[in-house]
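Welcome, and thanks for taking a look at this one with me. Below are some numbered notes to read alongside the model.

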Amino acid sequence: MPFIRTTTNVNLAVDQEKRLRTGTAELVRDILNKDPIRMMTAYEGNIHLCRGGDDRRNVPTAFVECKFFGGGYEVFEAFDKAMHELYRNVLSIQPQDLYIKYEVIYGWGEPAKIFKI
């Protein structure tokens with residue numbers, strides 16, 4: 001079950017969030033070979049988020065946390081490239097303004113049970 005949380009300074013419109021969710025689901029299916037039905041996403045827009053000094057506070061920026069069950073560097077590399085393209089197309093966020101953190105979780109529990117870390 002991938003969990004992907006996006007925090008951005010962009011004021012997300014409903015259609016932008018939908019395009020991100022749909023695009024991410026396609027990447028989960030095509031790159032991670034996971035069923036998107038088990039994907040969970042969270043989007044936080046219009047957050048005071050800035051990369052660099054105050055002169056860049058109006059530059060579209062995002063921090064994305066990706067938690068995956070399994071995976072490896074080669075999968076993350078392909079997913080990373082595709083995510084940068086998705087966020088550039090949907091939110092006009094340039095690659096240098098998008099930070100993506102990857103975390104592999106080895107202890108997802110079954111639905112309605114406690115996560116085992």
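**Notes for a first look**

1. Let's begin with helix H1, which covers residues 14-30. Its 17 residues reach 24 Å from the first C-alpha to the last, close to the 24 Å expected at 1.5 Å a residue. Please keep in mind that this is a predicted model.

2. Which residues of H1 are buried? They are Gln16, Leu20, Gly23, Thr24, Ala25, Leu27 and Val28. These buried residues pack against strand E1 (3-8), strand E2 (40-44) and helix H2 (73-91).

3. Stepping back to the whole chain, you will find two helices and four strands. Read along the sequence, they follow the pattern β-α-β-β-α-β. Of contacts between residues at least 6 apart in sequence, 75% join residues at least 24 apart.

4. Next comes the core. The largest nonpolar core has 25 residues, and those with the most contacts inside it are Ile4, Leu20, Val64, Phe79, Met83, Tyr87 and Leu91. Two or more residues come from each of H1, strand E3 (62-69), H2 and strand E4 (98-105). H2 gives the most, with eight residues. In soluble globular proteins, nonpolar side chains tend to be buried together.

5. What does Tyr87 touch, leaving aside residues up to four places away in sequence? The list is Thr6, Leu20, Tyr43, Val64, Ser92, Ile93 and Leu98. Of these, Leu20 is one of the buried residues of H1.

6. Two asparagines are worth checking in the loops. Asn33, in the loop between H1 and E2, has a positive phi of about 55° although it is not a glycine. Asn33 counts as exposed because its relative accessibility is 65%, and the cut-off is over 50%. Asn46 is found in the loop between E2 and E3, and has a positive phi of about 60°, again without being a glycine.

7. What about the cysteines? Cys66 is buried, because its relative accessible area of 1% falls under 20%. Cys50, at 33% relative accessibility, counts as partly exposed. The disulfide count comes to zero.

8. Finally, the surface. Of the 117 residues in the chain, 38% count as buried. The chain exposes about 7,300 Å², and carbon and sulfur atoms supply 52% of that area.

How values were computed. Residues are numbered from 1 along each chain as its sequence is written. This is a predicted model: local features need pLDDT of at least 70, side-chain atom pairs count only at pLDDT 80 or more; totals for chains, interfaces and linings use all residues. Side-chain values use heavy atoms; hydrogens and water are left out. The expected span of a helix is 1.5 Å times one less than its number of residues. Buried means under 20% relative accessible area, exposed over 50%, partly exposed in between (1.4 Å probe, protein chains only). Contact means heavy atoms within 4.5 Å. A nonpolar core is a set of buried Ala, Val, Leu, Ile, Met, Phe, Trp, Tyr and Cys residues joined through side-chain atoms within 4.5 Å. A disulfide is a pair of cysteine sulfur atoms within 2.5 Å. Accessible areas come from the Shrake-Rupley method with a 1.4 Å probe; for residues, only the protein chains shown count as cover.
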